Amino acid sequence: MTENWQRGGFGLYVHWPFCEAKCPYCDFNSYVSQSIDHDRWKAAYLSELNRVGSETPDRVLTSIFFGGGTPSLMEPSVVEEIIKTAGKLWPFTNDIEITIEANPSSVEAERFKGFQAGGVNRVSLGVQALNDTDLKALGRLHSVKEAREAIEIAQNTFERASFDLIYARQNQTLSQWESELSEAVAIGTDHLSLYQLTIEQGTAFGDRHKRGMLRGLPSEDLGADMYFATQDICEAAGLPAYETSNHARTGEESRHNQIYWRSGDYVGIGPGAHGRVTLNQMRLSTESFLAPGEWLKSVEDLNSGESERDPLDLGDQKDEFLLMGLRMSEGVDLSVFDFSDKYNEINNLSELGLVDKKDDTLRVTPQGRPLLNSILARLV
Amino acid sequence: MTDLSHIRNFSIVAHIDHGKSTLADRLIQDTNTVADRDMKAQLLDSMDIERERGITIKANTVRIEYKADDGEDYVLNLIDTPGHVDFAYEVSRSMRAVEGSLLVVDSTQGVEAQTLANVYQAIDADHEIVPVLNKIDLPASECDRVAEQIEDVIGIDATDAIQVSAKTGVGIHETLEAIVTKLPAPEGNRDAPLKAMLVDSWYDPYLGVVVLVRVIDGEMRVKDRVKFMSNGTIHQIDRLGVFRPDMENIDVLGPGEIGFITASIKQVRDTRVGDTITSEKKGAEEALDGFKPSQPVVFCGLFPVDSAQFEDLRDAIDKLALNDASFSFEMETSAALGFGFRCGFLGLLHLEVIRDRIEREYDIELITTAPSVIYHVYMRDGTKIDLHNPADMPDVTHVDHIEEPRIKATILVPDDYLGDVLKLCQERRGVQLDLTYAGSRAMTVYDLPLNEVVFDFYDRLKSVTKGYASFDYQLTGYQTDNLVKMSVLVNEEPVDALSMMVHRDRAEMRGRAMVEKLKDLIPRHMFKIPIQAAIGGKVIARETLSALRKDVTAKCYGGDATRKRKLLDKQKAGKKKMRQFGKVDIPQEAFISALKMDS
């Protein structure tokens, strides 16, 4: 049997934990800091890269992803240095995808050229809304005009460019979202990430929500209507969903994220970065220290920023395989593990029209996709 | 031993909150029966739940020594009786054990239904009754009006009613004097064979069963061998004494005296309220009249929320039953709720007290099924079934007819609310028997089916009258009516724990209320769920719980896999608290809320 890591590809994730400002909906591991010693951070990343590289010889790198935080605030030279070092550790596939997340502000757009020169070939822009009032409500520092310009620069600079939008926002109506999304696809892009606004604990929105002060959030029904409208508009534009919230023209999917969803192997460096690596037939889950200072100190003093390393037992692996894999339209290959204990439940869900099993492939149907959590609750 | 002429035995009749316990406390305090430093409010209500709810469940007694204005020393025995209708039989026994009553009426409120029921018990027991108007310290006190009402409604002379404030102590001395001068001394014959009434009993972890007795004739001494006449059991008295209000051993109890005995009795079940105790040898020929074994009237299922606590529940119920002969139980299995017990109670208050004690003293969270009464089901083949669980209802094709218990309910209410009360009683299939006015208060008597009352009658009555109505009832007998079993189906599957017996005419309404409630209580599933109420195969009410439309995590990348997996593990643990019906998971809380009597 082919092991997952060989099928799913091998990726490198680099986490840059700083932002200019903290967005009220964001629960990612990000911090606002006045002064950042870029040389010190570069040294730490390279040290971590060498550490994880020495554990994973004989791999071919499919993808690098700079996430955050706001990694477009990194010095282009640091990004370049990381890509170069990665190239020394692993051979790259011919079509390696190297992505950086960026804010669509004019300041950052000026740096795109530098990232491109350093080896980045794909950008993912956090546009979030095409409406200035809502951009403000979401705590974004850019305007719609700036965002549109940034998209254009990105499309001209990089081989591939994607952008994100958040919908089901406060007081947003179905028709408002439909026209905003139509505007978005009209910009002309090969990849879109479209997320329903989720209120997370520990964020500013989460606090406001708890105090009953976050008004105008859509009902479940409106959220569902918006979800289905999203599918229709994107399909008509040739951007079908290949994952719950991600849409692309065929062949333009994010290869890096597909590694996650296909249970491939990935190493993660930087504060709070997670990894999944298969070493000696054992699949390991790794985590790094969350707080930037702590991570940096640990890397410098102990030559490792890793805080956790746990083997995943077969049950955990099967659960992750389903919960990640069923997000994808392509579904999962049930022959990878022994899922015979799930067949009864799969039949029940199939009768309800929520999943579809053909031979060894299990997919969630278009009706089932917005109910994925409930489906997973029955399967894992 | 005190001479009969210097004993006075009395009880206090009052409505809840009219100040019975406070007055009792005052009498105890003013006669220095208890040192001031040992005083605590409502001394006689010993159980936490009793004190909290301001109700008395067990009879309590206290012996007060009082030097009267005539210079003589008297022994005053107060029996504090349970005032609630559930314990009507116990009240009647306590009343038989004393010769007089203080009728305590709140001078700001007036006579209430419960006062009436209990004062009639006192009149039945030939008591001399001394009216006491309490709470005269309050500005809203209206002694003249209330005295007049006592005369109008109860028909006893209230011209000499004592005006008291148990709170400030005004009138306490007058009350003590009235007990001595107005109440009769007990009668009895010291030389006749022993005849003592078993007034109440309870379990004490150190002493075993403690029996409260009133000696009528003869004497009781330590080491005497006595016979309980209802079951013929013989016991040797280990210990004998009086309450002040703590237990105090004495050597002998003579005629007219009230005290306790212990006799190595292990279970309260072996001691029956109203029984006659006599000596083993040369005992009395005839027992005191009026003894009857207690019969549960209201039934419900008690199930542990956490099914792992079933054994704990069994222990708790066993222990409570040791101390409460009127409470019956047997094991029950429900597809919905698992293992539990079908329990019988004297009434709703009794049910609530037992339930609260299990939850509080034994720390077991309970699901209580809808209370039911005993139906007499007459079968076509001539046999009769006592049905106290709707789940056991036989196939209707074999049933000839069904009888249900009826009650005579007395309701007192300010006339502003009378219309609402009459409407409520009509809705509950009541038949008016009487309607009279006393001042601005109306008293109405209704013949009502008990099953309509156990459902939520108290709460509705309280709500339509803003709490101003008072209510009391007694069982009158059985009557045939058009009764049916209503089942509840969730996704076409019957949920046994929710089935109930209802009158055919009320079935639609009850069914509708139930399905609407369940629609809000059951979480949405991935498919739509019909919720139906049905009689036999006929659906009488239906709601549809629409399918869940969106439940998906928007973002899930490399760093989210662990968190998401742990979240699903947590959900799996939460699912154990659900009960599965076919494909539907019903949370425990849904049963609790759907079956809640007060909503």
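Which residues are buried in helix H1 (residues 20–30) of chain B? Before answering I noted the ground rules: this is a predicted model, in which local features need pLDDT of at least 70 and side-chain atom pairs count only at pLDDT 80 or more, while totals for chains, interfaces and linings use all residues. Residues are numbered from 1 along each chain as its sequence is written, chains are lettered from A and ligands numbered from 1 in the order in which they are written, and side-chain values use heavy atoms, with hydrogens and water left out.

Entry on H1(B). I found B:Lys20, B:Ser21, B:Leu23, B:Ala24, B:Asp25, B:Leu27 and B:Ile28 buried in this helix (buried means under 20% relative accessible area, exposed over 50%, partly exposed in between, with a 1.4 Å probe and protein chains only). Their cover includes strands E1 (7–14), E2 (60–67), E3 (73–80) and E4 (100–106) as well as helix H6 (172–182) of chain B; helices (H or I, at least four residues) and strands (E, at least two) are DSSP runs numbered from the N terminus. After H1(B) comes B:Asn32, with a positive phi near 55°.

Entry on chain B as a whole. I listed 13 helices and 34 strands, and of the 599 residues in chain B 57% are buried.

Entry on H3(B) and H4(B). I looked at helix H3 (residues 88–96) and helix H4 (residues 113–124) of chain B, whose axes, lines fitted to C-alpha atoms over the stretch in contact, come within 9 Å and cross at roughly 40°. The two helices are therefore oblique to each other (under 35 degrees counts as roughly parallel, over 145 as roughly antiparallel, 65 to 115 as roughly perpendicular and the rest as oblique). From H3(B), B:Ala88, B:Val91, B:Ser92, B:Met95 and B:Arg96 meet B:Asn118, B:Gln121, B:Ala122 and B:Asp124 of H4(B), contact meaning heavy atoms within 4.5 Å.

Entry on A:His142. I located this residue in the loop between helix H6 (132–137) and helix H7 (144–157) of chain A, and A:His142 counts as buried because its relative accessibility is 7%. The side chain of A:His142 reaches the backbone oxygen of A:Val127 at 3.1 Å. Setting aside neighbours within four places in sequence, I found A:His142 in contact with A:Pro104, A:Ser105, A:Gly126, A:Val127, A:Leu135 and A:Ala147.

Entry on H15(A). I noted that helix H15 (residues 372–379) of chain A is mostly covered, with 7 of its 8 residues buried, among them A:Asn373 and A:Arg378.

Note on methods:
Axes are lines fitted to C-alpha atoms, for helices over the stretch in contact, and angles run from 0 to 180 degrees between N-to-C directions. A polar contact is a pair of N or O atoms within 3.5 Å; within protein, one must be able to donate a hydrogen and the other to accept it, and residues adjacent in sequence count only if both atoms are side-chain atoms.
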